[in-house]
Structure formats: C-alpha cells, structure tokens
Amino acid sequence: MTEIAPPVLWQPSPAFLAGTNHAAYLRWLAEHGGPSFPIEDYDALWRWSVEDLDGFWRSIWDRFGVLADGDPSTVLGSRDMPGADWFPNTRLNHAEHVFREVPADRVAIVEAGELRATREITWGELRTLTARIAAGLRALGVGEGDRVVAYLPNIPEAMAAFFATASLGAVWSSCSPDFGARSVVDRFAQIEPKVLLAVDGYRYGGKDFDKLEVVAELEAAMPTLEHVVVLPYLDTAPDLGTLRTPRSWEQFLDAGDGAELTFRRVPFSHPLWVLYSSGTTGLPKAIVHGHGGILLEHLKKMWLHLDAQPDDRVFWFTTTGWMMWNFLAGVLLTDAAIVLYDGNPGHPTLDRLWDLAAETGTTCFGTSASFLASSMKAGVRPAEDRDLSALRSVGSTGSPLSPEGFRWVY
C-alpha cells in the first residue's frame, strides 16, 4: 500500500532560517571543530545528538558558556541506567545562569491575572526580590539540601522564590493553591520540607477562595515544617492566628533588605526541584531533577527548539502544580521575557487569554488542547478585533489536539 505524504503547510524562508538560534549553533559547531561530518540540517543534528552523547552535550555546555567549578572534560562518567553520571567533576548553580549578564532595565516577567493588573517586572526588580527571599530563607536556617515547598499561584513572587531556593542549593517543590490539603500533603510530605511558602487565598472565575484553613492543615500534617510564611494575596492583612509558626511576607522580606544575590555551586546532579506524577495510581511519585541536567536540557530546549529571541514574550497557561511552570522558568535562561497569568482562562469569556496575547505582545502562546477546543466551540475568533501580529507560534500541551482543533487554530 502506497503511503501518501501529508501536505507541507508551512516552510521557513532561507532568511528566516539564517536568523534562528539553530542556524547560529550550526555555524558555531563548524567554527569550533564540531563533528567530523557536516551537519547541514535538523535531521543530521538530531542523529548526532543521539549517537554521540558526549560530543553533543559537551557542545551545549561550551556553546552557552556554562559557569562551573571543576573539569567538564568527562561528560558521562557512568552510562549505567538507572544511575548515569553526567559531568561528575563539576559544580554549578542553575540560578546563577538565570541572572548572568542581564541588563537591569530589561523586562523579565509580564504579570497578569484576576487579582492584579497587568504589569512588567524588570530583571533588576526580579533580582532584588530574589535576593531578599534568599536572605529570608537563609535567616530561617535554610541551606544546601533543605526542602522549600510552595503553595503559591503563578505570580512573580513564586518565580523569585524558586530562584532564591536554588541559589542556596536548597530544593524546590510547588503546588497550586487550588489543590486540596490531602493532595498537597500526599506530595510534600514525601520530601520532608523545612519551610512552607503559602498564600492566604486566590481568585478564580471572579470568586475568592480563602486557603488559610488549608495552610493550617498542611502545617499540622507535616511535622518537619519549621516555618510557614504567608504572602497576602487575597487580603492585605490576613489573620494568621490559626498557624503554629506564622511569619508574614513582610517580616520574611525584612531580613533581606539590601541583600546581594549570591549562588552556592553544588554538584552537577544535586537536586534542583521535585515534580510529581498525577497520583492516579497510588501516591504521586516524586520526580527529582538536578541543577546541571535541567540547566543543559533547558539551554537546548529554549534556545534551539523554542528559538527564543531577545524581543520574544513567551506565555504558557499553567499553574505552579504543572511542569509547564518549570518550563517557563527555563525560558528565563534566554534573552526572552515570560508572561504569567493567574486565574480562570475562560473568565469572563474565552477571549481573555487571546486579549492577553495582544495586550502583552506575546510571540509564543502556549495552552492546552481543551482550551483550543473550547475556544473553537464557543466561536472565538482570535485574530478578529485584536492585534496578534507579534504571535509567531502556538503550542498545545496536555491531551492530544484533535484534527479539527488543529485546523481551527492554524
């Protein structure tokens, strides 16, 4: 039976290709004595990346100038699975690469949501906040290997808290505040956290949800917790009387006034964050990712696959309980900015996120197949009456995108 090749819907022009990070990487390989055979297209690069693991990953290390102590010449010390040992003679810090050589006045994050007006946060502001949180954590006794967990929405404070945790060599894990107490405990209790960062509540679909009672349940259920820090997100002055070890966000940040952001370099495989499986079969499974592995993977992903450019603004609808939030954190390893949204994507209508894309000049719009299907069924016309001229790509994650959904969004 003869297979019929699907039609090619779009092909980049030679000029477009020449300006991509992928093309720049191939030019760099040619100049720096890369593979002995010519790499002229994506397929050849992919083949080299899976056939010569040492050569490919060392090239990513060198191309993006990884900052580290030690000797990176041994790329793969052990190939045993499980237990492969990457760059065993090096020490580095993921957060150090996020903040390296970035202009203080460049936009890092665009924040939007149901509770806060859309605003831009510069790299200078993000660095200052991260330094204050890191100092606050250090004052609470957090050090290398300690676990810091977050019950926070998708807001800049959560991103800064992750970078602050990483800067200390501590380990991060997060859940969205729409999770119930049992779901959070099933995840966090496994890793025996020392500090919990939480909000007093959140808004979704125009309704406010107080979460202080849940925060108190989390504190009671996890005896390893020594401190609970509460960010006033729903209420300007939440009542923390139900907590055993309460600390207000203001008190927490006071410890870091004037603090400088520093970075503790840790072994390449030292834990960076803990993610979790869905928990559909028993307890959620804890999945540990290391500083070095995620750093190299995200340098590859965000530069070569996403092709993040200096003027780009990357959006993905997510919460802090989904791995796409960690993906967004990785985008900040490039020169692009990220767009964070906290709230119901369909409130007040399914036009909300498309309006956000136009308002923020989003160049990469990431969402779910279900959102695209819902927009299609609701008769949304994204390109009508709004300027989406900056939009270069649309990403769909989660469930498979139906052929109808693809044709609609395309």
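Analyst: Welcome! Let's start with a term: a residue is buried when its relative accessible area is under 20%, exposed when it is over 50%, and partly exposed in between. In this predicted model, Glu-144 has a relative accessible area of 34%, so Glu-144 is partly exposed.

User: Thanks! Which residue forms a salt bridge with Glu-144?

Analyst: A salt bridge brings a side-chain nitrogen of Lys or Arg within 4 Å of a carboxyl oxygen of Asp or Glu. Here the partner of Glu-144 is Arg-264, and their closest N and O atoms are 2.4 Å apart. Arg-264 sits in the loop between α10 and β14, while Glu-144 sits in the loop between α6 (123-139) and β7 (147-151), so this pair ties together parts 120 residues apart in sequence. Arg-264 is partly exposed, at 46% relative accessibility.

User: How many salt bridges does a search of the whole structure find?

Analyst: The search finds 20. Another one of them pairs Asp-69 with Arg-265, with closest N and O atoms 2.8 Å apart. That pair links distant parts of the chain, 196 residues apart: Asp-69 is in strand β1 (residues 69-70) and Arg-265 in the loop between α10 (249-254) and β14 (266-267).

User: Now the rings. How many aromatic pairs are there?

Analyst: There are 24 in the whole structure. Take Phe-99 and Phe-163, an edge-to-face pair with centres 5.7 Å apart and 85° between the planes. Phe-99 lies in the loop between α5 (94-98) and β5 (107-113), and Phe-163 in helix α7 (residues 156-167), so the pair ties together parts 64 residues apart in sequence. Both residues are buried. They also belong to a cluster linked by ring pairs, whose members include Trp-123, Phe-162 and Trp-172.

User: And how many disulfides does the structure hold?

Analyst: A disulfide is a covalent bond between the sulfur atoms of two cysteines. This structure holds zero disulfides. Cys-175 counts as buried at 1% relative accessibility, and Cys-364 is buried at 7%.

Methods: Residues numbered from 1 in each chain as written. Predicted model: local features only at pLDDT ≥ 70, side-chain atom pairs only at ≥ 80, totals over all residues. Heavy atoms only, no water. Phe/Tyr/Trp six-rings, centres within 6.5 Å; stacked < 30°, edge-to-face > 60°. Helix = DSSP H or I, 4+ residues; strand = E, 2+ residues; numbered from the N terminus. Buried < 20%, exposed > 50% of the residue type's maximum accessible area, 1.4 Å probe, protein only. Disulfide = S-S within 2.5 Å.
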